[in-house]
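My notebook is open and I'm looking things up one at a time.

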Amino acid sequence: MATSDPVYLRVVEDIRRQITDGTLLPGAPIPSRAQLTRKYQVGETAARHALRVLATEGLIFGRVGSGHYVRERPDLTPLHRWRHLEHPSPFVADLQSQGRRVTLDRHLDHTEAGPALAQRLRIEESAQVARVRSVYRDDGKTLQLSTSYEPAELASSAPVSSGDDDRRGVIARMHSLGIKITEIVERVHTRVPRPGESDALDLPTGVHVLHVERTHWAGERPVETSDIVIPGDRFQVVYSLPV
């Protein structure tokens, strides 16, 4: 570490190392601010800032009146993005194949496309789109949030169910309209969760989400696009590329 680095980083890096190498196990107490100042010969401001950084990174959590403890880090569940594409919900099918019991709640409404969706779907900004908000749960715990959009005229011709009993996915519904899906494009990035997402997914402080922007294409025409939000501390996205 460079000598010009803030002094609190010395505390952060040492505690982070102990958590990473298993010296400090999940549930283990973290020294108090007073103990940190004595052990590392730093001021209380540096000790407080070090604890804040470690909590922001999702490595520790605080209990009121008790102190800080090492956060348990769950094993990441693989999500295989190119399996079960013909299933109405590839996410559900993938987790069910791993022995998970997943339920799905959907809510359907209509809205104006606006600039961003108009660009993604290549339609007018004032055009109406069908919007389906989906919440995936396992034993009451939310696993994934998804919001999908498609031109209203396509949705009205091959209706999207607003319940959890729709057995037709995008590919099958478009096929019923004589539209063949030729490509599915996914763009993945990480970002800070929005407040509603943090609450819905019960995310610890400092945990980011994986945001998957997925679009179904029929030739040169995008016919459906989705925003999929996945907790970054529970899942890893797996892509299999044929050679």
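I started with aspartate 202, which is exposed because its relative accessible area is 57%; buried means under 20%, exposed over 50%, and partly exposed is in between (1.4 Å probe, protein chains only). I'm working with a predicted model, where local features need pLDDT of at least 70 and side-chain atom pairs count only at pLDDT 80 or more, while totals for chains, interfaces and linings use all residues. Residues are numbered from 1 along each chain as its sequence is written, and side-chain values use heavy atoms, with hydrogens and water left out.

I found aspartate 202 in the loop between α8 (195-201) and β9 (209-218); helices (H or I, at least four residues) and strands (E, at least two) are DSSP runs, numbered from the N terminus. Its phi is positive, about 55°, although aspartate 202 is not a glycine.

I then looked up arginine 122, another non-glycine residue with a positive phi, near 55°. It lies in the loop between α5 (114-121) and β6, and at 54% relative accessible area it is exposed.

**Entry: salt bridges**

How many salt bridges does a search of the whole structure find? I noted 16, counting a side-chain nitrogen of Lys or Arg within 4 Å of a carboxyl oxygen of Asp or Glu.

I picked glutamate 44 and arginine 33, whose closest N and O atoms are 3.5 Å apart in their salt bridge. The pair links distant parts of the chain, with glutamate 44 in helix α3 and arginine 33 in helix α2, 11 residues apart. Glutamate 44 is partly exposed at 43%, and arginine 33 is partly exposed at 35%.

Next I checked arginine 81 with glutamate 186, a salt bridge whose closest N and O atoms are 2.9 Å apart. Arginine 81 is in the loop between β4 (77-80) and α4 while glutamate 186 is in strand β8, so this pair ties together parts that are 105 residues apart in sequence. Are these two buried or exposed? Arginine 81 counts as buried because its relative accessibility is 10%, and glutamate 186 counts as buried at 16%.

**Entry: rings**

I counted 3 aromatic pairs; rings of Phe, Tyr and Trp (its six-membered ring) pair if their centres lie within 6.5 Å, and planes under 30 degrees apart are stacked, over 60 edge-to-face, and the rest tilted. One of them is phenylalanine 61 with tyrosine 69, a tilted pair at 6.0 Å centre to centre with 35° between the planes. Phenylalanine 61 and tyrosine 69 are both buried.

The pair of phenylalanine 91 and tyrosine 136 is edge-to-face, at 5.0 Å centre to centre and 70° between the planes. Phenylalanine 91 is in helix α4 (residues 90-97) and tyrosine 136 in strand β6 (residues 128-138), so the pair ties together parts 45 residues apart in sequence. Both phenylalanine 91 and tyrosine 136 are buried. Ring pairs join Phe91, Tyr136 and Phe235 into a cluster.

Back at tyrosine 69, I saw that the charged end of arginine 63 sits over its ring, 4.6 Å from the centre (the rule is NZ of Lys or CZ of Arg within 6 Å of the ring centre and within 35 degrees of the ring normal).

**Entry: core and surface**

Last, I turned to leucine 241, in the segment after β11 (235-238), which is exposed at 66% relative accessible area.
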